[in-house]
Structures are given as C-alpha cells and as structure tokens.
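User: I'd like to go through this model with you and ask what stands behind each label. Could you show it to me?

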Amino acid sequence: MLVNVQDVVFPKPNICDVEEMYYRKIGIPSSNEIYRDKIVFKNRQRINFDTYFNCFSLEKWFKYTFANTNISLKLVASGNFNVSLLHMFMNNGNLVIKNVGEYNISSKDQKEFFFEYQTENPFGCLAFDLVANEGDSVLYSASYVSDVNEKLNDVKLGIGICTFKREEYIKNNINNIKTYILNNQNSDLRDNLEIFISDNAQSLNEEELKNNHVHIFKNKNTGGSGGFTRCMIESINYNRKERDKLTHLILMDDDVIFDPSSIERIYRFLTLIKPEYADAFIGGAMFRMDHQYIQFASGEYYHAERIGNPIETYNNNRNLLDVRQIVENEIITNANHQAWWCCSIPMEFIRMDNLSMPFFIKYDDIDFSIRNMKTLVLLNGVNVWHESFEMKYSAQNEYYTFRNYLICSAVNNKPFTKKDALFLLKNNFHHYICNYKYWEIEHFCNAFNDFLGGVDKFKKIDLEQFHKSILPKGYKMVDVSELPVKFSEDKYYQDINYFPNWSKLKKNFQKFTINGLLLPAKGFSVLGMWGGGYEQTYRKKFLIRYEINTKKGFILKRNRKLAIKMLFLYNKTKKKIKKYFDKAYKEFQSRWRELITIENWNNYLDLKK
C-alpha cells in the first residue's frame, strides 16, 4: 500500500513568510510572492527543497515507523524539469550531500511522477532539487511516500490549549486550523481532530470560534498547569462519551503561531509508528517569533544532579536557513522531557489518577515528562513560533521556579539534600542582592518556606488568589524612552561585556563590602534581563535591565534598607531549611500522588465531583 508520509509544504500567509524555511531559489533573486498551492518556475530557475519544513528525516522514520523499507518522491507537475534526489547526512563532523538520482520529466498537462531514493544508509535527511528547462513549468504538489505492508494505526488527535487573555492568538490559530484542516476536504485530519480550549480568563468570544470540533471551557485562572489539566480532564470525558476516541492529546501554548502542517505531520507519523514505540511522545521545536528562522530549542534534558540549574537546552539558537544546521538538528538526542509549547502525549498517560502537578506555572511539563515519558521523537517541520523568553521576564516566576523545582526533585526521587538546598539559597541570594533584585529574594525565600510546609499546606493553596497576591511584587517593562535616564546601545554592549581581571585583594574587598553596598554609590550599568556579574554591578546607583529586541526595560535601584530586610529574611529561611527540609522532602516523596488526582483537581478548579 502506497502511503503519503510527508507533504512538501509551501509558505502560508500570516504564519511564516520566510520563504527559505520552505524552499530556496537558486541563481534568481527570491520574490516576495507567497504561494499557497503551487510554484510557477521561470526558465532555468532552480529551487531546492533541502529546507527545515521540506527535508525528510530519514533516520527517525526508519527507526520509529513502518515507513522504513523504501521512500519515494512523488511530484505533481507540468512542464519540463530536471529532478535531483539528495541524501544529506553528517559524517565525522562533515556535511555530506549525495546525489542519489537524476531524472528528467516532461508533460504538457498536470501529471504524477514517482522517484525512489536509493540510499546506502538510513541516516540524515532526504531532499530534492528541481530545475525548470522551460518557463511556466509548474510544481503543484510534492510528497514523500512509502510502500507499507502493515495496517495503519487508528489515530485521532486532540489539541489542548490553555489560554489567558490571548484572544487574537487563539482566533488566528483556530481560523488557520479551520482553513487548512477542518474545512479542507483533502486533509487526512479533517474528521480526526478535536480542539479543547481552557479559557482561564473566561474572555473568549465563543461565537467567533464556533465549530463542531472546537470545545471551549470556562476555567478558573489556575495557571498553565490548571488550564492544561482542564484540557486533559475534558479529553478523558470526551473519550467516555464518543465512539471514535482520542488516541493522543497535543498540548500547546496560547501565545504561539504554528503551521497546521505540523499537526498533520504528527498525525501521519503516529499512523505508522511501530508497536514498540506506541507510547512515544512527539515534540515540537520552539522558534523565535521575531526571527522566524532561529530555533530556540528542540529537545531538552533534565539533569537531576545539577543543583538549581538542571535544564539543558538542545539545538539552541540554530539558524535553520543553513543546510548544515538543518541536518545536525535532525540527529537523535537523549532529550528526556518536552515542554508543552507543543507536545503530543498518548492518551494512556492521561488519566484521572495521573494529571499534572498543581504548580500554576513552571515545571509541570518537566515533572509529567519525567514521570511518564520513555521515548521522545522530534521531527523537522513540527514547531511553533513563540515570543522570546527575554521579552517575558517576570520576578514572580522565581517563586514558582524554585518551589516547583524542589517538589519535582522530591517527587521523582532525585538526589537533593539539605546541604544542596542551603547552597541554592546562598548562591541565589548573593546573585540577587548584588543585582538589586529584592523582589526575587522575597520570592525564592517564600518558595522555600512554602515547600517546607509540606503536602497539606501545598494542597490548601488557592492557585488563583495566591497568584493575584504576588503579581504586584514585580517590575513593569516600559519603552526605554520613558525611563528617566538616557543611554545608548553602545553602553549596553559595553556593560554586558565588562569582565575585568580583578586582583584577589579587590575580590575580597568586593565581598567584604557586599559588592560595594557599604560604600557610596556611583554610576549605573545597562544589562540584559538575566545575569549580571558582581564586576558589572559593583557600587552602582542603579541598574537598567534592557530587552534589546523590544527596546523595553526597567530600573533597579540600590536600597540599603531593603537589602538589610532581605538579609534578615534570608537568615530566617536558612534556619527553617536546617530544621524542616528533610521532613518536607520525605513527605513530598511519599505523598505526591495525592496531588495529581481528579479529586484534588476538583478542589482547585471548583468542578463538580
């Protein structure tokens, strides 16, 4: 049986206008025209499909699916073309591009053509190259196909989106799904997709989004973990009522843009997945929204042994217009968790006794992955575009990050001791006190204190009301033109790269004076949202935290009274850690299952029992 395993896709208006993410015109300047359903070639024009969206990840399809014996290229075209089949892979650190087939096709009318790839090994990627031998030659469509003997898996996908006041994003993404999938007679997913939206702000216009396959639920603002859990609960309820049951639920952020072809790619992959990988999670990469060809992450690893900084991001800041980086990006890694900006989870793991941790935000996806995921598959062309994290700095996130990191470590029996906790407290206190981030000190001390309260205290937290209580304890980003101080970007680059070679005496004096806090202040520094070494902040009157992409920032002022207050809070928290940490850690280790049940979530979400 000949199966279409991956479509070649073209740019779509209002989704991604970087043409070279889909195909690259060689030798003739690229136009700004965005094609939706065909490409009309000029005479002698060459177009290469060795791109992020349109190369074929041979190694992953070979390893995980039945489409592993032969792959062919199917073209639907008219006119006259030279066709080159390409096999791209890494060999001892070198990029190899092999031509594995040369053909000429000619037809006055639209016609199908098939070409089988003859590869010597199942590594790297497949791609192809077309050269038009006459003007107005047309490529209508292309796809990678395989002759499969096994019965296709029955697959029905759900998409779970948690949203809070992101109406425009939701509206645009749902409209794109309607256009390219739900209202598209040619889409395999047309009758195999259901969308569950947890409206945490209860602000969506349901009439605008109305569709038989779109299900909207008003939800308390219980954060991302509460919204995604609501989607899990409703997907379970859907399967209890419907004959055609969901097999997988894709969790996606609300503040993203994605090409609906990503969802179709996940679907086709799952219809062909081997039984031994039926429990695999399928992950999507995150790209920057402001530079759509830059990948922020594709796969992450949770290092339990790395205290306080356990997350390693793979394939960070890749320029995926570059062929070498595209091929390197496809190498299978040992990534052990997938963020919920785009993550397909088999429904066998989504149960009423195996829901998300009630973390509000941060670490819910990490914890769920560590507890449940055995295999993670990351496919080219499965991605979202997301606002860069630099634009979303929040002091309040320090509370959730530290508290949930401690709980996640205990739940998953990771090696973490009282000594580690004290080191983490001390290390972060010193960093933040030198950077005048007094709110952050309060937040991470409170995070430790709430963890030390144990499971019962944690279960009593009203997620919505608690979040409201810490919201004022943060910073407001404003356009730098509104700041009372003028500065240049030259100063920003100068300050972030200022790392003088201080003598041992100077370093000791810096520590003794608490980074100059005991001395008169002078000058200021301009730094990014994160980081800030003691050399950059020493004795400064204030610091400007600057986000270069949006030209926004805020000011942090040196304040001795607040610094002393935070020192007292730090010492108080240190004493409590020494007294209660071991007991709290063991309690979360033994009782964590109470937190992920429908009974517990009914209380958080005020759902009927």
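User: Which residues of H5 are buried?

Analyst: First, keep in mind that this is a predicted model. In H5, the buried residues are Ser261, Ser262, Ile263, Glu264, Arg265, Ile266, Tyr267, Arg268, Phe269, Leu270 and Thr271.

User: What makes H5 largely enclosed by the rest of the structure?

Analyst: The count settles it: 11 of the 11 residues of H5 are buried, so the helix is largely enclosed by the rest of the structure.

User: Why is Ser143 called buried?

Analyst: Its relative accessible area is 5%, and buried means under 20%, so Ser143 qualifies. This serine is found in strand S9.

User: Which residues is Ser143 in contact with, leaving aside its neighbours within four places in sequence?

Analyst: Ser143 is in contact with Asn4, Gln6, Asp7, Val8, Ser72, Leu73 and Lys74. To count as a contact, heavy atoms have to lie within 4.5 Å.

User: Which elements give two or more residues to the lining of the second largest pocket?

Analyst: Let me start with the pocket itself, which has a volume of about 760 Å³. It is lined by 27 residues, and those closest to its centre are Asp7, Val8, Val9, Asn184 and Glu264. Two or more lining residues come from each of strand S1 (2-7), S6, strand S9 (137-147), helix H2 (167-182) and helix H5 (261-271).

User: How many cavities of 30 Å³ or more are found in the whole structure?

Analyst: The search finds two cavities of that kind. The largest cavity holds about 40 Å³ of space. Of its 13 lining residues, Tyr52, Ser298, Asn329, Leu379 and Asn380 are the closest to its centre. Strand S15 (281-288) and strand S21 (376-386) are the elements that give two or more residues to this lining, and S21 gives the most, with four residues.

User: What makes the cavity a cavity, where the other space is a pocket?

Analyst: The way out decides: in a cavity a 1.4 Å probe fits but cannot get out, whereas a pocket is an open set of points.

User: Which residues touch the most other members of the largest nonpolar core?

Analyst: They are Phe49, Leu75, Phe128, Tyr144 and Ile263, in a core of 98 residues. Strand S6 (residues 72-91) supplies the largest share, eight residues. Leu75 shows the kind of surroundings involved: not counting residues up to four places away in sequence, its contacts include Val83, Ile105, Phe113, Phe115, Phe128, Leu130 and Leu139. Apart from this core lies another of 88 residues, among them Leu246, Leu355, Phe448 and Tyr585. As background, nonpolar side chains tend to be buried together in soluble globular proteins.

User: Why do S22 and S23 stand at the edges of their sheet?

Analyst: The sheet is open, with four strands in the order S22-S25-S24-S23 and mixed pairing. Strand S22 (478-479) and strand S23 (524-527) each have a single partner strand, so one side of each is left without a neighbour in the sheet. Helix H13 (residues 489-496) packs on the sheet, touching S23 and S24, and its direction makes about 90° with that of S23.

User: What makes S24 mostly covered?

Analyst: Six of its six residues are buried. Phe542, Ile544 and Tyr546 point one way, while Leu543, Arg545 and Glu547 point the other way. In a regular strand the side chains alternate between the two faces of the sheet.

User: Which residue takes a positive phi in the hairpin of S24 and S25?

Analyst: Lys551 does, with a phi near 60°, in a hairpin that has four residues between the strands.

Methods
Residues numbered from 1 in each chain as written. Predicted model: local features only at pLDDT ≥ 70, side-chain atom pairs only at ≥ 80, totals over all residues. Heavy atoms only, no water. Pairing = 2+ DSSP bridges. Axes fitted to C-alpha atoms, helices over the stretch in contact; angles between N-to-C directions. Core = buried A, V, L, I, M, F, W, Y, C linked by side-chain atoms within 4.5 Å. Buried < 20%, exposed > 50% of the residue type's maximum accessible area, 1.4 Å probe, protein only. 1 Å grid on protein atoms, 1.4 Å probe; cavity = no way out; pocket = protein on both sides within 12 Å on 5 of 7 lines; lining within 4 Å. Points joined across faces, edges and corners; volume = space filled by probe spheres on them.
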